[in-house]
Amino acid sequence: MIGQQANIDNISNNLANVNTAGYKKVRAEFEDLLYQTVKTAGTPATEDTVVPVGIQLGHGVKVAATQRMFEQGPLQNTENVYDMAIQGDGFFRVQMYDGSLAYTRDGSFKVDENGRMVTSNGYWVQPDIIMPEGFLPEKITVTQDGRVSVVVPQIDPDTPIDVGQIELYRFPNPAGLTSVGENLFKVTNASGDPIGGRPGYEGMGSIAHKFLEMSNVSVVKEMVDLIVAQRAYEFNSRTIQTSDNMLQTATSLKR
């Protein structure tokens with residue numbers, strides 16, 4: 001029952017983030033517990049034969065891992081000039097307030113009062129993308145390989161100027177990244193060191209401007225899993241009640 005409760009908690013978190021940009025669903029994985037061995041397989045039965053099958057009684061289940069699934073989420077056209085989506089492998093890198101680095105698939109960026117490109121929580125996009133003074137927001141363009149350019153009327157009203165280059169980072173084992181909230185991940189020993197590169201090259205995904213990558217959670221699948229987990233929880237509860245009734249019957253034999 002505890003295992004199924006953990007399963008339901010995981011499903012509820014996936015469903016809660018069905019509209020979270022860049023969210024990657026989590027799959028709960030389980031493993032059986034230790035077994036009580038009543039009879040070991042291969043034990044001699046006679047001088048010439050052995051027991052072909054032993055007797056082992058299991059002691060339940062526990063959560064073995066919660067693995068994040070990094071399949072591509074659907075792209076949504078937002079027409080917002082600051083929005084970017086990654087098509088393929090890779091993460092955006094941001095610098096947090098304490099100077100540490102984090103990684104995200106959420107490309108719903110903004111521009112702060114200094115013209116610096118930031119996340120919704122004000123974390124700086126790395127490498128720095130800084131808009132020049134007097135730029136026209138509606139004239140921002142981002143190519144598939146991550147080049148950011150903008151029109152500045154005071155400099156040239158017709159020709160965009162480059163203001164920065166988006167870089168992506170991938171990991172040998174992205175499932176080993178640790179989630180820290182705010183759509184961010186941090187590096188661990190399990191994930192391996194980040195490998196930087198230009199979008200569209202060396203295995204990196206490309207940039208889709210004015211798009212956002214939405215959650216890869218399938219509502220239909222999660223609802224089916226929720227029904228299965230609920231029924232399994234009920235059946236486990238029923239086994240406890242049945243076992244209790246059997247023990248009551250056994251203890252009442254002497255009465």
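Here is a short tour through the core, the aromatic residues, the backbone and a pocket.

Please keep in mind that this is a predicted model. In soluble globular proteins, nonpolar side chains tend to be buried together. Here the largest nonpolar core has 21 residues, and those touching the most other members are Met 84, Phe 92, Met 131, Ile 140, Val 148, Ile 166 and Ile 207. Two of the strands that each supply at least two residues of this core are β6 (84-87) and β13 (147-152). The largest share, 3 residues, comes from β13.

Setting aside residues up to four places away in sequence, Met 84 touches Phe 92, Gly 107, Phe 109, Met 117, Val 142, Ile 166, Ile 207, Ala 208, Phe 211 and Leu 212.

The whole structure holds 8 aromatic pairs.

The charged end of Arg 93 sits over the ring of Tyr 169, 4.0 Å from its centre. Elsewhere, Arg 116 places its charged end over the ring of Trp 124, 4.1 Å from the ring centre.

Now for the backbone. Most residues other than glycine have a negative phi, and most peptide bonds are trans. Against that background, look at Gln 126 and Pro 127, which are joined by a cis peptide bond with omega at about -5 degrees. Pro 127 is placed in the loop between β11 (124-126) and β12 (141-142).

Glu 182 has a phi near 60 degrees and is found in the loop between β16 (178-181) and β17. Glu 182 counts as partly exposed because its relative accessible area is 42%. For Lys 210, phi is near 65 degrees, and this residue lies in the loop between β19 (206-209) and β20 (211-213). Lys 210 is partly exposed too, with a relative accessible area of 27%.

Is Thr 20 buried or exposed? Thr 20 lies in the loop between α1 (2-16) and β1 (26-32), yet its relative accessible area is 18%, so Thr 20 is buried, the cut-off being under 20%. Beyond its neighbours within four places in sequence, Thr 20 is in contact with Asn 183, Met 214 and Ser 215.

The last stop is the largest pocket, with a volume of about 240 Å³. Of the 16 residues lining this pocket, Asn 7, Arg 27, Ala 28, Lys 221 and Asp 225 are the closest to its centre. At least two lining residues come from each of α1, β1 and α2 (219-251), and α2 gives the largest share, 6 residues.

Conventions. Residues are numbered from 1 along each chain as its sequence is written. This is a predicted model: local features need pLDDT of at least 70, side-chain atom pairs count only at pLDDT 80 or more; totals for chains, interfaces and linings use all residues. Side-chain values use heavy atoms; hydrogens and water are left out. Helices (H or I, at least four residues) and strands (E, at least two) are DSSP runs, numbered from the N terminus. Buried means under 20% relative accessible area, exposed over 50%, partly exposed in between (1.4 Å probe, protein chains only). Contact means heavy atoms within 4.5 Å. A nonpolar core is a set of buried Ala, Val, Leu, Ile, Met, Phe, Trp, Tyr and Cys residues joined through side-chain atoms within 4.5 Å. Rings of Phe, Tyr and Trp (its six-membered ring) pair if their centres lie within 6.5 Å; planes under 30 degrees apart count as stacked, over 60 as edge-to-face and the rest as tilted. A charge sits over a ring if NZ of Lys or CZ of Arg is within 6 Å of the ring centre and within 35 degrees of the ring normal. On a 1 Å grid over the protein atoms alone, a cavity is a set of points where a 1.4 Å probe fits but cannot get out, and a pocket is an open set with protein on both sides within 12 Å along at least five of seven lines; lining residues have an atom within 4 Å of a point. Grid points are joined across faces, edges and corners, and a volume is the space filled by probe spheres set on the points.
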